[in-house]
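Biologist: Could you take me through this model and show which rule stands behind each label? I would like to set the values against the cut-offs myself.

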Amino acid sequence: MRRLTLKWDRNNREIAQAIDSFERRRYVARQLVPPGYERHFQDQARFLSVHTSTAIEGNVLDEREAQLVMIHGSSGQPNEQEAKNCEDAYVLLQELAADPHLQIDQGLIRVLNSIMQKDLPGEEASERGKYRTTGCIIQDSATREIRYQAPPPEWIPSLMDSLVEDLRSWRDVDHPLVAAAKVHFALISIHPFRDGNGRTARLLEDLVLWMGGMAADGMVSVNGNLLSRRQEYYDKLRSVQGREFQESVDITEFILFTVQMLNEAVNRLEAKAIDFCKRKDNLEKISEGMLDPRQVVGIMYMLDLEPVSTAVYARLNRCSIPTARSDLKRLLSIGFIQRVGDGKQTRYAWLPPSPESEVA
């Protein structure tokens, strides 16, 4: 049986310190999220993860555009469809991660890859979820230099058998941050699919973290910093992998990079929680405590993105349409929002109670 053996220095002090820092900061950041707003932070983490994971692979949507696609749906344009597919896969993962008996197997991995390429154009997408049957050479898009040569296709079934088996062992023996880095690196190295390997690897990393209790209840965007550090990410992969597939690799350097990225992710959650609380407190001060969490989330959407329809308000808050209508009617009655448009085009926009009111 072919097997990708991943070695690392278990006595590496930088990794140990970074894991300890993550544990402490994760607890602090999680406590800063105000009760009643957990779903909002989970949604924001999912939006950011989807945007960065697809943008790393060349998706041209910016963060705002990607978020609007995830809220309103895709028009069918490839970049929009890719972002919506990736979100669908993340939603499935969050649901699966809640099952303590979940086993990550090849079927699940193939389903995730298939979901992310649904309705996309091209021959590669037509083979979504299927292991490749041809060789794979990864080249630099600018220089055409060969960056990495993946294993031959006849090795893939055996390598994937071993990966699933090893992942169970990693989850039992290693810290969840280490196990997550290992599955991320392993899937990218094996490169079992014609397309979507990077997105699938990052999804699996997130799933292992969620199952290991390291994602702050799904509020940490694991991939949030990878876009800004994309070249360093690629450089780490290249320096650890080498120019062609090796069956035994020391990935200490990649584990350290991953854990450092996770520390940045949890620091971002802390900063977002602090900023959110300031804005929430300002809204509550302006309203004299008349707003509930649903209404706060709806108003922040209006402030940050666009006027909101009744259906979008309900989607953001996971509430019924009648509840959304009731909330919006109340906000209109107290002069906090205004109606824009009419009929099916009716939207609701923030209308501060006084010119001096400042929330953003």
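Modeller: Gladly, and we start with a definition: contact means heavy atoms within 4.5 Å. Helices (H or I, at least four residues) and strands (E, at least two) are DSSP runs, numbered from the N terminus. This is a predicted model, in which local features need pLDDT of at least 70 and side-chain atom pairs count only at pLDDT 80 or more, while totals for chains, interfaces and linings use all residues. Residues are numbered from 1 along each chain as its sequence is written, and side-chain values use heavy atoms, with hydrogens and water left out.

Biologist: With that contact rule, what do the buried residues of helix 13 pack against?

Modeller: They pack against helix 2 (38-56), helix 3 (63-72), helix 12 (293-304), helix 14 (321-333) and strand 6 (347-350).

Biologist: Why is helix 13 called largely enclosed by the rest of the structure?

Modeller: Buried means under 20% relative accessible area, exposed over 50%, and partly exposed in between (1.4 Å probe, protein chains only). Six of the eight residues of helix 13 (residues 310-317) are buried, so the helix counts as largely enclosed. They are Thr310, Val312, Tyr313, Ala314, Leu316 and Asn317. Just after helix 13, Arg318 has a positive phi of about 50°.

Biologist: What makes the pair of Asp327 and Tyr313 a polar contact?

Modeller: A polar contact is a pair of N or O atoms within 3.5 Å; within protein, one must be able to donate a hydrogen and the other to accept it, and residues adjacent in sequence count only if both atoms are side-chain atoms. The side chains of Asp327 and Tyr313 make such a contact at 2.7 Å. Asp327 is found in helix 14. Leaving aside neighbours within four places in sequence, Asp327 is also in contact with Asp292, Arg294 and Gln295.

Biologist: How do you know whether Asp327 is buried or exposed?

Modeller: Its relative accessible area is 5%, so Asp327 is buried.

Biologist: Why is Thr52 called buried, and what does its side chain reach?

Modeller: Thr52, in helix 2, has 2% relative accessibility and therefore counts as buried. Its side chain reaches the backbone oxygen of Asn223 at 3.2 Å. Not counting residues up to four places away in sequence, Thr52 touches Asn223, Gly224 and Leu227.

Biologist: And what about Arg46: which label does its relative accessible area give?

Modeller: Arg46, also placed in helix 2, is buried, because its relative accessible area is 9%. Beyond four places in sequence, Arg46 touches Glu87, Tyr90, Val91, Gln94 and Arg318. Arg46 and Met70 are 24 residues apart in sequence and 9.7 Å apart in space, C-alpha to C-alpha.

Biologist: Met70 brings us to helix 3. What makes Asp62 a cap of helix 3?

Modeller: A side-chain oxygen of Asp62 lies 3.2 Å from the backbone nitrogen of Arg64, at the N-terminal end of helix 3. The buried residues of helix 3 are Ala66, Gln67, Leu68, Val69, Met70 and Ile71. Their cover includes helix 2, helix 4 (78-97), helix 12 and helix 13. Gly73, with a positive phi near 100°, follows helix 3.
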